[in-house]
Amino acid sequence: MLPRKAEVIVIGGGVIGSSITYYLAKKRVNVVLLEKNGIASGTSSSCEGLVILQSKKPGVHLKLALESAKKFSNLKNELDYDIEYRNNGGMVVIENNEELKAMKIFVEKQKSLGLKVSLLDKNKAIKKEPALSCDILGSTFSPLDAQVNPIYLSYAFINSAKNLGAKIYTHTEVTGIKLKSNKIRLIETPVAEIETETAINAAGVYSPEIGRMVNLDIPIKPRRGQLLVTESIPKILNGVLISAKYIAAKFNPKLAEIEGEGISIEQTASGNLLIGSTREFVGMNKSTTLEGINSIAKHIIMLFPQLEEVNIIRTFAGFRPYTLDGLPILGKVKGIEGFIIAAGHEGDGVALSPITGD
Ligand SMILES: Cc1cc2nc3c(=O)[nH]c(=O)nc-3n(C[C@H](O)[C@H](O)[C@H](O)COP(=O)(O)OP(=O)(O)OC[C@H]3O[C@@H](n4cnc5c(N)ncnc54)[C@H](O)[C@@H]3O)c2cc1C
């Protein structure tokens, strides 16, 4: 049975809502999380788990990621759950001279903001990741880059939050929000209403629907990413890796159309490779396409020739909650007292979840 009242209601049980609920519970706030399906049933289970700092735009984006990275190293103990966090560093692979020029500038900017990152020539890059092709030009490397299992991370936040007194209701959809004098008053679900003065919209790509309940237009749209999963193989990667094109495509949708979307790859704790991903605006169409999967597969074989012999066992797609400036929308909303937004993390929600929650 739902409670009649709550101090704070979090809407959405993805990695962001779960993290927020955990940090609130830690501060002894009476918090209720409402999730329309299961925990991590949205984007947070249709993604990779790169906690990669190098892909963040120098500025507030990178600052948030640096703070989040600090929290990750404590979380693996704090949450008492194996979240498969591994901090083995990461690379941005450079394939041509244009990318080299762009990455030199990107790296200098990142360094000036405190990121430990360096440029490696081809030999040094291949020494770090021996499976890489000899055709690459070089790479960057940051020892701060890491990976985590996003589904386990969401459950870890939820379990710890529950232990601290948070109330979690799955299969409970928020269907309406009632205001009184422009203040949050009631959250409606098909079963009952809950009184509250604070509602946190952590509904990812669905946050505009929640926004409409309070007459607010939230500029977030779904950006599909297709991924492929290989069979489990012996360790071929030491850390995580993205291509320089990935950074270009992430921040410039036009470039993604011309240049392709770039590549990301991680080897999970079970030995499977997660390889992504496309960046497409196709509404809420969650299918994978032969074209998308082919382009990822071709690119990854160029970078790691030995993968030609490895089987793909599954493909899937997820929706990144995209915002125009690539930054999440975080905080209070002027004119609607008690309404807080924490959504729009695009391809960085896993990495930014600890700092967002806190
Ligand atoms: C292909 C791909 C690869 C990615 N790789 C990475 C990566 O390597 N590293 C990284 O940091 N990020 C990555 N991301 C991005 C990351 O997955 C997202 O930013 C993050 O999962 C968003 O989390 P969220 O909690 O905001 O949204 P979601 O996980 O979608 O959670 C929102 C929840 O709200 C619920 N909800 C919606 N409406 C309602 C309602 N009315 N009532 C109650 N509940 C509701 C939904 O059911 C859902 O569970 C990737 C994304 C994709 C698609």
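**Figure 1. The loop that holds S277, and its peptide bond.** S277 is located in the loop between β16 (273-276) and α9 (290-303); helices (H or I, at least four residues) and strands (E, at least two) are DSSP runs, numbered from the N terminus. The peptide bond from G276 to S277 is cis, its omega being near -20 degrees. The model is predicted: local features need pLDDT of at least 70 and side-chain atom pairs count only at pLDDT 80 or more, whereas totals for chains, interfaces and linings use all residues. Residues are numbered from 1 along each chain as its sequence is written.

**Figure 2. Two residues with positive phi.** Most residues other than glycine have a negative phi. R28, in the loop between α1 and β2 (31-34), has phi near 65 degrees. N182, in the loop between β9 (176-180) and β10 (183-188), has phi near 60 degrees. R28 is exposed, with 10 other C-beta atoms within 10 Å, and N182 is exposed with 11. A residue is termed exposed if 12 or fewer other C-beta atoms, placed from the backbone, lie within 10 Å of its own, buried if 20 or more do, and partly exposed in between.

**Figure 3. The largest nonpolar core.** This core has 98 residues, and those with the most contacts inside it include I9, V31 and I275. A nonpolar core is a set of buried Ala, Val, Leu, Ile, Met, Phe, Trp, Tyr and Cys residues joined through C-beta atoms within 7 Å. Helix α1 (residues 15-26) gives the most to the core, with seven residues. Domain 1 (8-46 + 151-219 + 326-357) and domain 2 (90-143 + 221-322) both give residues to the core, so it lies between them; the domain bounds come from an automatic or database domain assignment. Leaving aside neighbours within four places in sequence, I275 is in contact (C-beta atoms, placed from the backbone, within 7 Å) with L227, L228, I263, I265, I296 and I300.

**Figure 4. The shell around the ligand.** Of the 43 residues around the ligand, G14, G42, G204, G225 and G349 come nearest; a residue is near a molecule if its C-beta atom, placed from the backbone, lies within 6 Å of it. β17 (312-322) is one of the elements that each supply at least two residues of the shell, and its four residues form the largest share. Both domain 1 and domain 2 give residues to the shell, so it lies between them.

Key:
Contact = placed C-beta atoms within 7 Å.
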